[in-house]
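Hi everyone, thanks for making time for this. I'd like to walk you through a structure that may be new to you, so please have a look at it before I start.

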Amino acid sequence: MLNQTPIWKYVLVVFMLALCSLYALPNLYGEDHAVQISSGRDTIVGEALAADVKGSLERANIAVKAIEFENDRILVRLPDSDTQLLAREALDKKLGDEYFVAMNLAPDTPDWLDNLGGTPMKLGLDLRGGVHFLMEVDMKSAVDTVVGGVVDEFRDRLREEGLRYRTVRKVGDSVDIIFRDADVLESAQFFLRNSYPDMMINERDDLTLRATFTEGRLAEIRDYAVKQNITIIRNRVNQLGVAEPLVQKQGQDRIVVQLPGIQDTAKAKEILNATATLNFRLVDGDGDVRDAMNGRVPAGSELLFRRDGQPVLLSKQIMLEGSHIIDATNSMDENGFPQVNIDLDSKGGSKISKVSKDNIGKPMATVFIEFKATDERDAEGKLIFEKSEEVINVATIQSQLGSSFRITGIDSAGEARDLALLLRAGALIAPIQIVEERTVGPSLGKENIELGMQAIMYGLIAVLVFMLIYYQAFGIVANIALITNVVMIVGIMSMIPGATLTLPGMAGIVLTVGMAVDANVLIFERIREELRDGRSPQQAIHFGYDNAFSTILDANITTFIAGMILFAVGTGPIKGFSITLMIGIITSMFTAIIFTRVLVNLIWGGKRVTKLAI
């Protein structure tokens, strides 16, 4: 018999509707204004601090909805934006610079729904409000860092090959190697050219070889600097608790950072603009620290200080740069003392293995290096950065190290945890500076949401009325499918981790509403044609759906391809539009072809029907 729906289609439709409705549900609960407290560089957020924060807000007569402690962060939920501002000011005054205090919006999803993974749609900067930064990478520092590493590498490789040199020094973006003997220079030139194909090794006057990177290699260094900084900035943004941050490359040396929901620009800048790196160096056990304190620092050594102010005399030669670290975790050793387990990439593992082999039993220091922007600018108008170095850990090399090793001799589990977090977060390859800053207020974002929702509702109502008047009973089926389609879009947008709803994305939903009903129009017109040709109502329904399918499929596939192209080559608002467009095409295909067919078969299928209200 015609127009009978198999059981599996009923199951599929019910499952999809239930799933999408469940994950669309969190959007009805809204969000709370919140203040978030995160660990600083030298401090850790704990439950004791949460109790202290609660007491401080109570003494300040600030109404609080809830205080939550999870994922090493304290979240203070507040009733409105005015109270949020008061709470932020009170906590800033109490906690000072020891912790990161940031304002944001926290989902008010019930616990049972949150446990199922239900979260509201992530809103873009134009809807939620927040801050926008355009950051520029200091490419000169990026190249200088790599060239500095090559200087140390040349020294080690030439020494291993028995090629005696007078000195190896950095000259701009090049490395000069000065020899005492012309024969050794010739052998060294042959060796370096074979070992470093990405460098031009040319002989100069006065027994000097000059090694310079090729233009292709310089381009790779600059591109890597931007990509690595993007990865590390994303890790740092996590401290702010942003639901869906945007961090992406723009042009050759710039990075766009958008933090929806964040109104505390100063704290965001403090985290993002903190340009830091790490390296490992041997402690100079032969030098006298007291002499170094009096200005008599041995050649090849450098005097630095620990966090507690204790001086440490280190070798200038870097054993390993922090950029080679791919993972770091804290744990306890076999004796119950804290330690940090480090995993390196293959190049870093090879490098540390060679150096540590000859230095077993010697202390190794982990040095934290930070570049802070000054008020001065260079000839090109860019900020000049000031370098500061600090020893954060000294541990003894107990055996030859490899791609995985551990740092021991750490005073406390908290210090081990901090060190692991710092190593995991990574080190910026080069300093960055903020060249553009823009803030979108929450009131403007709220207004954009209201206007966008009005556009969706007006468009939806207009289409519903048209379908109801023009297609009568079948119009009701189409309208149910249309509302279902919107719910499915919201549910899928809420489920996809990387999907962010922007103002252009809302425009995409409005467009999808019109496109979704277009498929029903094609089907219903086919049914009317079949009726005019004299077919029975059951035959008209059957052939109407079957004959319209190929036309609907072709039209939607071509539009979906256009959406994919927009997503691939577009940025920001264009991506937001293309995401909702593609999701809308998929859901409209489901609701127009499968869902309405199930409904129509349920109402008219298998029955004696003499006339269709279409």
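Let me begin with a question: which residues form a negative surface patch? They are D181, D183, E186, E203, D205 and D206. Let's pick out one of them, E203, which sits in strand β9, spanning residues 199-204. E203 counts as exposed because its relative accessibility is 52%, and the cut-off for exposed is over 50%.

Before we go further, a word on confidence. What you see is a predicted model. The protein has an average pLDDT of 80, and 87% of the residues score at least 70. If we go element by element, helix α1, residues 7-24, has the highest mean pLDDT, at 90. At the other end is helix α9, residues 265-272, whose mean of 65 is the lowest among the elements. Please keep in mind that where pLDDT is low, the predicted coordinates should not be read in detail.

Now to another kind of patch. I461, for instance, is found in helix α13. Is I461 exposed or partly exposed? With a relative accessibility of 43%, I461 counts as partly exposed.

Stay with helix α13 for a moment, which covers residues 442-495. Phi of Q472 is near 55°, a positive value, and Q472 is not a glycine. Why point that out? Because most residues other than glycine have a negative phi. As for the surface, Q472 is partly exposed, with 43% relative accessible area.

N61 is another such case: its phi is positive, about 55°, although N61 is not a glycine. You'll find N61 in the loop between α2 (47-59) and β2 (66-70). At 71% relative accessibility, N61 is exposed.

One last stop, N27. Where is N27 placed? Look in the loop between α1 and β1, the strand at 31-38. N27 has a relative accessible area of 26%, so it is partly exposed. Now find V490: it is 463 residues away from N27 along the chain, yet the C-alpha atoms of the two are separated by 8.3 Å.

That's my tour, and I'm happy to go back to any of these places with you.

Note on methods:
Residues numbered from 1 in each chain as written. Predicted model: local features only at pLDDT ≥ 70, side-chain atom pairs only at ≥ 80, totals over all residues. Heavy atoms only, no water. Patch = residues over 30% accessible without salt bridge, like charges linked within 9 Å, V, L, I, M, F, W, Y side chains within 5 Å. Areas by Shrake-Rupley, 256 points an atom, 1.4 Å probe, with all protein chains shown as cover. Salt bridge = Lys/Arg side-chain N within 4 Å of Asp/Glu carboxyl O. Lys, Arg positive; Asp, Glu negative; His and termini not counted. Charge placed at Lys NZ, Arg CZ, Asp CG, Glu CD. Helix = DSSP H or I, 4+ residues; strand = E, 2+ residues; numbered from the N terminus. Buried < 20%, exposed > 50% of the residue type's maximum accessible area, 1.4 Å probe, protein only. pLDDT = per-residue confidence, 0-100.
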